[in-house]
Amino acid sequence: GWSLLPGFPLLRAAPVAARLGIEVHRLLFEPEGPIDLLLLRELTRDWFADIPVYVGLRGAVYPPADYLLLWPLYGWAPRSIDRWFYALVTAFVTAALVAILVREAKPASRADRMLLGALVVGGYPTAISLGNGQITPHVLLTAIAAVLIALRRPPALRRDLALAGLSLFALVKRNLTVPLF
């Protein structure tokens, strides 16, 4: 085993909590805080309302089929709960990423498990993705799950269907996930 920190003192957790707090506040309470969430919500809803999303400089970079995949996270919730829904789903996604990382890394001590969790939860990329309302954490989870299923499960119809679904969603952000496949 390996040990990074003896005890993981509270002092080291403070910056993680501070960064995460700033980004959660930005996501939930700042009017233009979650820029990606606001843009993807608008584009996804416009796509389904048959409003041209590829006209002008609106930021529509996703191919048409991706809007169907983005709809469960960005398209259906009313404005009064969309940020809260995103935050709740992202909390579960982040917890799953932490669980996978801890399981795969097999840290030697509780302190090391806490450090790995803190790195995922409070690391700058994760915190900024949360504050912006990005799809990145969700895509990473599905891509990593697909890779692990492909490596560890014997070929079977259920495995192949799970791989197809996870891989399809992971390809919403191709620039991030294609190298994993």
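At what angle do helix α3 and α4 pack, and how far apart are their axes? The legends below take this up, starting with the whole chain.

**Figure 1. Overview of the predicted model.** This is a predicted model, in which local features need pLDDT of at least 70 and side-chain atom pairs count only at pLDDT 80 or more, while totals for chains, interfaces and linings use all residues. Residues are numbered from 1 along each chain as its sequence is written, and side-chain values use heavy atoms, with hydrogens and water left out. The protein chain has nine helices and zero strands (DSSP runs numbered from the N terminus: helices are H or I with at least four residues, strands E with at least two). Its C-alpha atoms fill a box of roughly 55 × 45 × 25 Å along the principal axes.

**Figure 2. Where α3 meets α4.** Here is the reply to our opening: helix α3 (residues 64-74) and α4 pack at an angle of about 100°, their axes 10 Å apart (axes are lines fitted to C-alpha atoms, for helices over the stretch in contact, and angles run from 0 to 180 degrees between N-to-C directions). α3 and α4 are therefore roughly perpendicular to each other (angles under 35 degrees count as roughly parallel, over 145 as roughly antiparallel, 65 to 115 as roughly perpendicular and the rest as oblique). Pro 72, Leu 73 and Tyr 74 of α3 meet Phe 85, Tyr 86 and Val 89 of α4 (contact means heavy atoms within 4.5 Å). The residues of this contact comprise six nonpolar, no polar and no charged (Ala, Val, Leu, Ile, Met, Phe, Trp, Tyr, Cys and Pro count as nonpolar, Asp, Glu, Lys and Arg as charged, and the others, Gly among them, as polar).

**Figure 3. Where α5 meets α6.** Look now at α5 and α6, which pack at about 40° with axes 5 Å apart; they are therefore oblique to each other. On the α5 side are Val 120, Val 121 and Gly 122, which meet Tyr 124, Thr 126 and Ala 127 in α6. By class, the residues of this contact are four nonpolar, two polar and no charged.

Figure 4. The side chains of Asp 82 and Arg 41 join in a salt bridge, at 1.9 Å from N to O (a side-chain nitrogen of Lys or Arg within 4 Å of a carboxyl oxygen of Asp or Glu). Asp 82 sits in helix α4 and Arg 41 in helix α2 (residues 35-48), so this pair links distant parts of the chain, 41 residues apart. The structure holds seven salt bridges.
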